[in-house]
Amino acid sequence: MINVAIIGTGGISPTHFRAYAQLSERCKIVALCDIVPEKCEKMKQEFSLPDAVVFDNHKAMLESGIKIDLADICTPPFCHAEITIDCLNAGMNVVVEKPMAASLDECDKMIEAAQKSGKKLSVIAQNRFRDPIWNLKKVLDSGIVGKIVHAQVDSHWWRGHSYYDLWWRGLWTMEGGGCTLNHAVHHIDMLGWMMGLPQELCAILTNVSHDNAEVEDLSVAVLKYKNGALAQITSSVVNHGEEQQIIYQGERARISAPWRVTSQKPMPNGHPVPNPEFEKEVDDYYNSLSSLKYDAHTGQLDDVLFAIENDTEPFIGGADGRLTIELVTAIYKAGSEKKTVKLPIDKNDAFYTVEGIRKNVPYFYEKKTSVQDIAGEITHGSSYKY
């Protein structure tokens, strides 16, 4: 039985509680931690955890002597690195919510702590554990559609003005960034997983609808890869409808999540005609792929538990989380300096550290409202199914 502590019991945490409930034969939640302990008490009641011990800071939890095998960190981004490193140094495995950290420097320190402690480190990227995303990757890896020449990433969300009234949101010092870091992180992770690191990128940042936030609410980036392929990423919290998709144009067909395949072949003059035979071949291959046992967060936390039980590496580790942060950092650097950025980002670059990022990014508006909590359900984005 793996003993779990959940650190940060607001926003995203109920999704983790529900996932562990599905995996309860293999794990037990023994500790809850939040700077507002009343939130822990609410989770204790809601998820029937009478024996879970409540703490108001993670250091007190680490000093308590409670046996904890896995620390699950669901706090705001600004403290991910500190809490992760402290838990790893205390001999705990760690799974940390997205984004991994606020800078590459923090990512590297987290990875180093995991290596020194010999413990597991996993970064939440739950959308990899969805059938449409998992199987899209398999189609890409099969090579059936040929070389990828263009990718289109639409990370379209919508958040009202009051979204940024929450005390830690909309601040470079707390949230670490806007929609690029905290919403498009899901889709940027998918792109990085499927296509790797580009050679260079350019980007534009803006804030068009949230004058209560320092950070961007819309960004557009164009990436260029070694083979000449291009990708474009739109990161937004101003798009009504929240249509989210990732589209790959291969030499032989267009494929996407949500799943759709389209193929055309040329007439003698180069103009296109439909290629239904090849569309059926690709569609049949996709439909032959198996489904995952668990979906989204449950799928990833099942994998983390398996890694602990069998002393293997989790499917999504620190290096995966770092790659995503490198892409986000490059977008911020390109958008701030208004020039093309080469990758990878050097450790001597100003944008390698949290301090350097905060010094060099644009501050669009002054945050004037700060509330402790905002009631209501949160949305998790697309299921990538039509």
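Predicted model: local features only at pLDDT ≥ 70, side-chain atom pairs only at ≥ 80, totals over all residues.
Me: Which residues of H4 meet Glu106, Lys109, Met110, Ala113, Ala114 and Ser117 in H5?
Reply: On the H5 side stand Glu106, Lys109, Met110, Ala113, Ala114 and Ser117. Sorted by class, the residues of the contact of H4 with H5 are 6 nonpolar, 4 polar and 2 charged. The partners on the H4 side are His80, Ala81, Thr84, Ile85, Leu88 and Asn89.

Me: How do the directions of H4 and H5 compare, roughly parallel or roughly antiparallel?
Reply: Helix H4 covers residues 80-89 and helix H5 covers residues 104-117, and their axes lie 9 Å apart. The packing angle is about 10 degrees, and angles under 35 degrees count as roughly parallel, whereas those over 145 count as roughly antiparallel. The relation of H4 to H5 is therefore roughly parallel.

Me: At roughly how many degrees do the axes of H6 and H8 cross, and which handedness does the crossing have?
Reply: The axes of helix H6 (residues 131-142) and helix H8 (residues 185-195) come within 10 Å and cross at roughly 25 degrees. An angle under 35 degrees counts as roughly parallel, so H6 is roughly parallel to H8. As for the handedness with which H6 passes H8, the crossing at roughly 25 degrees is right-handed.

Me: What classes of residue make up the contact of H6 with H8?
Reply: From H6 the contact takes Ile133, Trp134, Leu136, Lys137 and Leu140, while from H8 it takes Met190, Trp193 and Met194. Lys counts as charged, whereas Ile, Trp, Leu and Met count as nonpolar. By class, then, the contact of H6 with H8 holds no polar residues, 1 charged and 7 nonpolar.

Me: Is Ser382 buried or exposed?
Reply: Ser382 is placed in the segment after helix H12, a helix that spans 354-360. Its relative accessibility is 16%, and the cut-off for burial is under 20%. Ser382 therefore counts as buried.

Me: Which backbone atom does the side chain of Ser382 reach, and at what distance?
Reply: With neighbours within four places in sequence left aside, Ser382 is in contact with Asn127, Arg130 and Gln244. The reach of its side chain, by contrast, is towards Tyr384, in the segment after H12. The atom reached there is the backbone nitrogen of Tyr384, at 2.7 Å.

Me: What is the value of phi in Tyr384?
Reply: Tyr384 is buried, because its relative accessible area is 1%. Its phi has a positive value, in a residue other than glycine. The value of phi in Tyr384 is near 60 degrees.

Me: In which helix does Ala296 lie?
Reply: Ala296 is another residue other than glycine with a positive phi, near 55 degrees. Since its relative accessibility is 9%, Ala296 counts as buried. The element that holds Ala296 covers residues 296-310, and its name is helix H10.

Me: Which residue is joined to Pro258 by a cis peptide bond?
Reply: Pro258 is placed in the loop between strand E12 (254-257) and strand E13 (260-262). The omega of the cis peptide bond is about 0 degrees. The residue joined to Pro258 by this bond is Ala257.

Me: What is omega for the cis peptide bond between Leu343 and Pro344?
Reply: Pro344 lies in the loop that runs between strand E16 (341-342) and H12. A cis peptide bond joins Leu343 to this proline. For this bond, omega is about 5 degrees.

Me: Which residues does His156 touch, not counting residues up to four places away in sequence?
Reply: His156 has its place in strand E7, which covers residues 148-156. With a relative accessible area of 13%, His156 is buried. The residues that His156 touches, with those up to four places away in sequence not counted, are Thr234, Ser236, Asn239, Glu242, Glu243 and Gln244.

Me: What distance separates the C-alpha atoms of Thr312 and Pro132?
Reply: Thr312 is placed in the loop between H10 and helix H11 (318-337), and at 30% relative accessibility it counts as partly exposed. Along the chain, Thr312 and Pro132 are 180 residues apart. The distance between their C-alpha atoms is 26 Å.

Definitions and conventions. Residues numbered from 1 in each chain as written. Heavy atoms only, no water. Helix = DSSP H or I, 4+ residues; strand = E, 2+ residues; numbered from the N terminus. Buried < 20%, exposed > 50% of the residue type's maximum accessible area, 1.4 Å probe, protein only. Polar contact = N/O pair within 3.5 Å; in protein donor to acceptor, adjacent residues only side chain to side chain. Contact = heavy atoms within 4.5 Å. Axes fitted to C-alpha atoms, helices over the stretch in contact; angles between N-to-C directions. Parallel < 35°, antiparallel > 145°, perpendicular 65-115°, else oblique. Left-handed = near helix turned anticlockwise from the far one by under 90°.
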